[in-house]
Amino acid sequence: MKRLVLATTLCLGIGHAAAADLHAHHHAPAPDNRAVLKLTPDERAMLLEEMHLFLAGVGKITGALARSDMATVAATARPLGPQMAQTMPASLRAKLPMEFRQIAGPLHADFGQIALDAETMKDVSHTLTQVSTMLQKCSSCHAAFQIRVVDTAEQH
Ligand code: HEC
């Protein structure tokens, strides 16, 4: 019974928070001041594909951590490490501003380190701390950049 009451309270709490959030958005849509990356449709698709790999990877890594399955953590994190950055076409890389690359590079390095430490240290809370720090890089880049699709002709 106690559990049911708690669950109900949690549900109500979440519902309330979501409503408040919607409400806030209604009144004050914050201006979007993020820097614009002008990309072709293909380049956008390529970048977003990487993003989906990141998110799927983070989901898999946290699931594996919950089972102390460090082998899966390492196997999931490694392909998202520095080796992933090398698969990006030079033409796209050239369009990404320095500030963007200064977050992307360390993010890939974080994944590489997570893979290495998961294998060698096998310490769940150490890896979780690394994952938390790594996720801040996702947030800071998302707060700074947005994509705008342009035709190849109007890129410059
Ligand atoms: C260096 C910059 C950068 C980093 C780091 C970064 N992202 Fe992104 N991400 C972007 C940009 C730019 C967009 C497009 C945002 C827009 O146009 O509104 C995006 C969009 C996304 C999307 C939406 C995809 C879609 O189909 O619309 C997801 C999901 C995402 N990122 C996940 C992540 C995760 C998870 C991480 C960290 C592991 C991460 N990103 C790190 C730049 C970054």
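**Exercise 1. Identify which helices and strands each supply at least two residues of the shell around the ligand.**

Solution. Step 1: the elements are α2, α6, α7 and β2 (145-149), where helices (H or I, at least four residues) and strands (E, at least two) are DSSP runs numbered from the N terminus. The model is a predicted one, in which local features need pLDDT of at least 70, side-chain atom pairs count only at pLDDT 80 or more, and totals for chains, interfaces and linings use all residues. Residue numbers start from 1 along each chain as its sequence is written.

Step 1: the shell holds 17 residues, and the closest are M51, F54, C138, C141 and I147; a residue is near a molecule if its C-beta atom, placed from the backbone, lies within 6 Å of it.

Step 2: the greatest contribution is that of α2, with five residues.

Step 3: by type, the shell comprises 14 nonpolar residues, two polar and one charged. Here Ala, Val, Leu, Ile, Met, Phe, Trp, Tyr, Cys and Pro count as nonpolar, Asp, Glu, Lys and Arg as charged, and the others, Gly among them, as polar.

**Exercise 2. Determine how the buried residues of α3 are arranged about the helix axis.**

Solution. Step 1: helix α3 (residues 70-77) has the buried residues M70, V73, A74, T76 and A77. A residue is buried if 20 or more other C-beta atoms lie within 10 Å of its own, exposed if 12 or fewer, and partly exposed in between, with C-beta atoms placed from the backbone.

Step 1: viewed down the axis of α3, these residues fall within an arc of 165°, so they line one face of the helix; the arc is that of the directions from the helix axis to the C-beta atoms.

Step 2: the cover over them includes α2 (41-66), α6 (98-120) and α7 (124-144).

**Exercise 3. Classify S68 and K122 as buried, exposed or partly exposed.**

Solution. Step 1: S68, in the loop between α2 and α3, has 12 C-beta neighbours inside 10 Å and so counts as exposed. Step 2: K122, in the loop between α6 and α7, has 14 such neighbours inside 10 Å and so counts as partly exposed.

How values were computed. Contact = placed C-beta atoms within 7 Å.
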